[in-house]
Amino acid sequence: MSFGALAVSIGQLPPITTGMAVVFAVTIMAFALFASELVPVDVTALLVMVALMVLEPWTQVSIEEGVSGFSNSATITVLAMFILSAGISRTGAVQRLGKWMAGVARDDERRQLLSVIGVAGLPSGLLNNTPIVAMLIPAVSDLAREGGTSPSKLLLPLSYASMVGGMLTLIGTSTNLVASDVSARLLDHPFSMFEFTGLGALVFLTGALYLLLVGHRLIPERIATGEGLLAEFEMSEYLTEVALDEGSPLVGRTVAAVNEEIGPTVVQVIRDGAGRIEPFAAERLEAGDALIVRGGVEELRAFTTMDGLTIATTDVDERDFAAGERQRFVELVVPTGSSLVGVRLAESPFGEGVNPLSLRRGAELLHRRLGDVALDRGDTVLVQATAERIERLATDPNVIVARELEGTDYRTEKMPVAIGIVLSVVGLAAFGVLDILVAALAGVVAMVLGGVLDPDELYDAVEWDVILLLAGLIPLGIAFSQTGAAGLIGALVAESAQYLPPLGVLWVFYVITALTTAVVSNAGSVVLMIPVGVATAVQIGTNPFAFVLAVTFAASADFMTPIGYQTNLLVYGPGGYRFTDYFRVGAPLQILLSVVTVLGISVFWGL
């Protein structure tokens with residue numbers, strides 16, 4: 001599509017048509033739903049797609065264009081990259097990097113931080129950064145605890161480093177791939193594999209230096225060091241151990257009946273020195289049993305005054321509670337797209353043999369009436385479970401086990417094959433032998449034929465909410481271009497050229513894109529803002545590709561909120577962060593990178 005017709009003089013705006021108004025209304029609806037999260041983001045994207053097709057006379061989006069997102073090369077390539085990342089994960093390659101990181105860093109916080117930045121940032125240039133962060137959360141959490149450092153000090157840098165590392169190559173993030181596709185449609189200029197690696201390296205080094213010299217000083221220690229998980233989740237005042245005497249009225253009653261009547265919840269039964277955890281609802285209590293119960297202070301005080309009970313301790317620690325080597329405490333993180341989102345804890349979403357004890361939602365800790373709590377993305381649940389059950393949960397794509405497990409069945413013998421496949425995909429695309437889409441799909445086939453992944457593992461590897469988000473929002477970008485809505489917004493932004501030089505206008509557009517990303521996600525902001533950026537460049541007579549790059553980098557730089565970028569949300573619960581922590585640490589980084597990126601674009605590509 002040509003934007004030449006949009007080049008009107010500064011101060012003259014194109015008239016607002018009915019089509020523009022309809023597209024703006026659909027966009028406002030999407031923004032409201034994204035911000036309120038009344039429905040999942042992928043459902044919102046599909047709703048946008050349907051609305052654009054239904055309103056075709058005004059949106060100019062045909063049925064073929066409306067569903068074009070599903071066949072779009074960027075969507076398919078992103079899908080393939082998820083699978084390639086899963087192949088690397090299945091071999092334990094990233095986990096091996098985590099072990100190397102622990103060996104190098106030890107108990108020195110500065111070395112810990114440097115190793116986290118390197119291990120998270122550099123691989124993110126070749127693999128999707130969301131799986132990288134998910135795979136490294138357990139290793140970084142263990143590194144912090146074993147090294148005497150608060151996990152809060154390392155997990156936010158883990159997310160930030162993966163974000164800036166994703167800007168090193170075309171395949172580092174889904175944002176880059178979508179931006180390349182939109183750039184090809186509007187300017188006939190798709191990105192090459194290393195199109196912006198020079199600028200990406202500059203951004204990565206700037207971000208790394210900021211985190212090392214400034215950022216780590218701004219991150220609060222939300223989780224204290226040197227404490228067990230029960231202490232981290234402030235469980236001590238909610239747990240009491242009592243022994244059942246011979247004449248206790250609870251003897252002979254089932255655990256389910258006791259839990260319904262007494263107020264506090266029985267979370268473990270210890271009999272003959274061996275602890276039992278869920279499922280034990282039908283277990284009948286016996287004299288001599290020790291019960292660990294969870295409840296509020298008043299509930300526990302009333303319960304322990306019952307006849308036939310002897311208080312064993314009100315200071316239950318992990319050794320008392322575990323009561324057996326086969327039982328462990330572990331944190332489970334609910335990622336974006338998990339099927340557990342919206343499921344009540346009472347419905348046993350984690351399966352048998354898992355006992356939920358507490359839930360952390362950002363900095364908020366929930367202890368009481370957990371059964372009524374509906375899980376949300378980013379939640380971290382403290383559970384007690386058998387070692388076998390934890391190992392099964394580690395392979396469940398609906399949760400992230402925030403603990404490094406020994407003996408996980410990785411296909412380590414396939415590690416050279418998986419790494420070779422990914423490097424081949426990069427090489428074939430970089431040297432123009434194959435298009436990135438063809439190379440990535442060939443890599444998927446090679447992962448299966450090479451035995452790295454089983455065919456049925458392909459489906460679990462894909463983050464389908466991201467795929468649906470891309471497919472649903474791509475038609476909105478088309479509508480923006482075809483109705484002239486992009487040109488109108490571009491003309492409004494171009495008004496700033498009366499007061500600012502082109503470099504200043506480019507910086508303003510970077511900031512607008514970064515703020516948009518916080519509401520509609522990184523991929524969504526790329527789809528919406530690149531057409532507007534191109535129109536703005538035409539209006540003020542500057543290089544349109546410079547604005548494409550500004551949008552691409554800004555869309556991957558939402559450091560100020562936990563919701564605008566998936567990796568930020570993944571570390572939200574495990575780090576115990578508050579919403580404001582992201583602004584405190586991320587706002588200076590956002591401003592710094594906006595200046596560095598805009599200046600870098602002007603130097604490398606010119607305006």
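Which residues does Leu-476 touch, not counting residues up to four places away in sequence? In this predicted model, local features need pLDDT of at least 70 and side-chain atom pairs count only at pLDDT 80 or more, while totals for chains, interfaces and linings use all residues. Residues are numbered from 1 along each chain as its sequence is written, and side-chain values use heavy atoms, with hydrogens and water left out.

With residues up to four places away in sequence set aside, Leu-476 touches Val-23, Val-26, Thr-27, Val-48, Leu-52 and Leu-528, where contact means heavy atoms within 4.5 Å. Leu-476 is listed with Leu-158, Tyr-160, Ile-530 and Val-571 as having the most contacts inside the largest nonpolar core, which has 141 residues. Such a core is a set of buried Ala, Val, Leu, Ile, Met, Phe, Trp, Tyr and Cys residues joined through side-chain atoms within 4.5 Å; buried denotes under 20% relative accessible area, exposed over 50% and partly exposed in between, with a 1.4 Å probe and protein chains only. Apart from this core lies another, of 19 residues, among them Leu-345, Val-373, Val-381 and Val-399.

Val-26, one of the residues touched by Leu-476, has its place in helix α1 (residues 18-36), helices being DSSP runs of H or I with at least four residues and strands runs of E with at least two, numbered from the N terminus. Val-26 counts as buried at 6% relative accessibility, and beyond four places in sequence it touches Val-48, Ala-51, Leu-52, Leu-55 and Leu-476. The C-alpha atoms of Val-26 and Ala-51 are separated by 7.4 Å, although these residues are 25 residues apart along the chain.

Two other buried positions were examined in the same terms. Thr-536, in helix α24 (residues 522-540), is buried with a relative accessible area of 0%, and touches Gly-490, Val-493, Ala-494, Val-505, Phe-509 and Phe-547, not counting residues up to four places away in sequence. Leu-332, found in strand β6 (residues 327-333), likewise counts as buried, at 0% relative accessibility. With the sequence neighbours up to four places away excluded, Leu-332 touches Phe-350, Asp-379, Thr-380, Val-381, Val-383, Leu-393, Ile-400 and Val-401; the C-alpha atoms of Leu-332 and Ile-400, 68 residues apart along the chain, are separated by 5.6 Å.

Helix packing was described for two pairs that involve α12. The axes of α12 (residues 197-218) and α27 (residues 579-604) come within 10 Å and cross at roughly 155°, axes being lines fitted to C-alpha atoms over the stretch in contact and angles running from 0 to 180 degrees between N-to-C directions. α12 is therefore roughly antiparallel to α27, a class that takes angles over 145 degrees, whereas those under 35 are roughly parallel, 65 to 115 roughly perpendicular and the rest oblique. By class, the contact of α12 with α27 has 13 nonpolar, six polar and one charged residues, with Ala, Val, Leu, Ile, Met, Phe, Trp, Tyr, Cys and Pro counted as nonpolar, Asp, Glu, Lys and Arg as charged, and the others, Gly among them, as polar.

Helix α10 (residues 152-165) packs with α12 at an angle of about 165°, with the axes 9 Å apart, and the two are therefore roughly antiparallel to each other. In this contact Lys-153, Pro-157, Tyr-160, Ala-161, Val-164 and Gly-165 of α10 meet Gly-200, Val-203, Phe-204, Leu-211, His-216 and Arg-217 of α12, which divide into seven nonpolar, three polar and two charged residues.
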